[in-house]
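Please follow this explanation with the sequence and the structure side by side, moving from strand pairing to the nonpolar cores, the surface and the charged pairs.

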Amino acid sequence: MSTARVNRRSVISEAVAPWSDVAQLLRGGEAGTLIPVIIPRHRRRLWWMLPLWLGLFALLMGVMLSLREGDSEGAADLAYGTLAGFAFAAGCLFLIIGALWWWRSSIVEIEQGTNGVLTRYGAVTRTLDAGRHYLWHPWSRVDFVVDTATEIPYSAPVMACPTQENVPLRSIEFFLKFRITDAVRFVRTIGAGNFDLVLSSAVQDAIRQRARKMRTERAYDLRGSDVADMQELLNRQLERYGVRITGSNIPDVQLPTQYQQHLATRERVAKERTAYEQEWGLTRKRRIDSLGMDIERAKKVRDARIVEVKAALNNAREQVAQLLEEQETNAQRVRFEIETRGRSGLISAENEARAQRALAKAYRDNRAVLQYELARRRLEVGAELASKAPQPVVVRTDGGSGDTSALSTLLAAQLLPRMTALPATPAPNFENEQPDGDDDA
């Protein structure tokens, strides 16, 4: 399909053309007009029935001449036979010509990407797909050839479209692509000419509703904006006609001259602002880079200081570890000395205890011997004392006995002074003497 010229509304119409021009019109249109529907100019007439009727008449004449030949004789018989033969030959020839003419006129070729609407006695019966078809019925014909595969471009500029501030825009260019999905519904419901009016009205209504929602200074935002809602609205309106819109956009918006100057000033200010922002961005970038270099330099100095601090810390840790190791060595040495002295003292104490224990045991043995010796000496001293003890003298002075004499009295008188004059010899006390080892024992 050929598109309409720029800033000019597309026109959709149908055309009547012979079968030889159908493909050219569907693909190219004519004079900026979109032609999705072609009404073929049929060359099919009923003239093919004339040879058939003439053939039947010739055959019937041949039959009648044959019957007439049977009733006649002689030259008449020969004449009727010859005429009957010519009649049969002419009838067969006319029948063949009529059949060939009927066969040729019944052939219909539908272009690829189109559908043919088949009618019989003026009523739509079905659609024909692309390819060759044979219409044997005399009153069957293809009334419409509809392009159902091509996405047809359509341009509809809307003039003097008011905005939210009621400022009329010069024009809003709206471009869409549609495709006929149901050929029968399209040709029976609306037709190409009426569809052009309906589509133009629906597009203008949708564009005006969209423009009413926009402010004038933001009218250029309509260019390339999302028009999915408008496409959905148009699809709902055109679905009843068997048409579906496959794509749409707003390629151009033209503002009034005053607003164009205003927008030019705004664009100039915006460009100056952009240039200033770029210059400020470069300055800020240089400052940021300088600060970044200072930060990197400070980071390097900090890293060097950190390395020095870590080295000093490691050195201090090594010194502390060395001091701790020396202290631990001294403590270990002192502990070993203390343990050695303790073990030696313990060993000496154990030896001394063993000696004391042996001595105590020896003392215990010596005590028994000493006690035996003491007991023996005590007996010897007692025996010696007993041997040296004075003999008792019994002097009876009572008058109970008649053994008193003057001699005994005289002896007692002489012995008593002697006995009282002898010094008293103390007896040895061995019970209070104890061996030296008793305390230890």
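Thr119 lies in strand β4, which covers residues 114–120, in what is a predicted model. With a relative accessibility of 2%, Thr119 counts as buried, because the limit for that class is under 20% relative accessible area. Leaving aside residues up to four places away in sequence, Thr119 touches Val124, Thr125, Trp139, Ser140, Arg141 and Asp143. Of the strands around it, β7 (residues 140–147) deserves a look: β4 and β7 run antiparallel and are joined by 7 bridges, and within this pairing Asn115 has Val146 in β7 as its bridge partner. Strand β7 is also joined to β2, again in antiparallel fashion, by 2 bridges, and here Ile38 stands opposite Val145 of β7.

In soluble globular proteins, nonpolar side chains tend to be buried together. The largest nonpolar core of this model has 41 residues, and those with the most contacts inside it are Ile172, Leu176, Phe178, Phe186, Phe195, Leu199 and Ile207. Two or more residues each are given to this core by β2 (33–40), β8 (152–162), β9 (168–180), α4 (183–189), α5 (192–212), α6 (228–238) and β10 (243–254), and the element that gives the most is α5, with 8 residues. Phe186 shows how such contacts are made up: not counting residues up to four places away in sequence, Phe186 touches Val37, Ile180, Gly191, Ala192, Phe195, Tyr241 and Val243. Apart from this core lies another one, of 14 residues, among which are Ile35, Ile110, Leu128 and Leu135.

Leu50, Leu54, Leu93, Phe94, Ile97 and Trp101 make a nonpolar surface patch of about 530 Å². The elements that give two or more residues to this patch are the helices α2 (49–71) and α3 (75–105), with α3 giving the most, namely 4 residues. Leu50 has its place in helix α2, and its relative accessible area of 46% makes it partly exposed, since this class runs between the 20% limit for buried and the 50% limit for exposed residues.

Glu232 is partly exposed, its relative accessible area being 48%.

What separates Arg376 and Glu373 in helix α7? The two are 3 residues apart in this helix (residues 257–388), and therefore about one helical turn lies between them. Arg376 forms a salt bridge with Glu373, with the closest N and O atoms 2.6 Å apart. Arg376 counts as partly exposed at 33% relative accessibility, and Glu373 counts as partly exposed at 29%.

Note on methods:
Residues are numbered from 1 along each chain as its sequence is written. This is a predicted model: local features need pLDDT of at least 70, side-chain atom pairs count only at pLDDT 80 or more; totals for chains, interfaces and linings use all residues. Side-chain values use heavy atoms; hydrogens and water are left out. A nonpolar core is a set of buried Ala, Val, Leu, Ile, Met, Phe, Trp, Tyr and Cys residues joined through side-chain atoms within 4.5 Å. Buried means under 20% relative accessible area, exposed over 50%, partly exposed in between (1.4 Å probe, protein chains only). Contact means heavy atoms within 4.5 Å. Patches are made of residues with over 30% relative accessible area and no salt bridge: like charges are joined within 9 Å, nonpolar side chains (Val, Leu, Ile, Met, Phe, Trp, Tyr) within 5 Å. Accessible areas come from the Shrake-Rupley method with a 1.4 Å probe; for residues, only the protein chains shown count as cover. A salt bridge is a side-chain nitrogen of Lys or Arg within 4 Å of a carboxyl oxygen of Asp or Glu. Two strands pair if DSSP finds at least two bridges between them.
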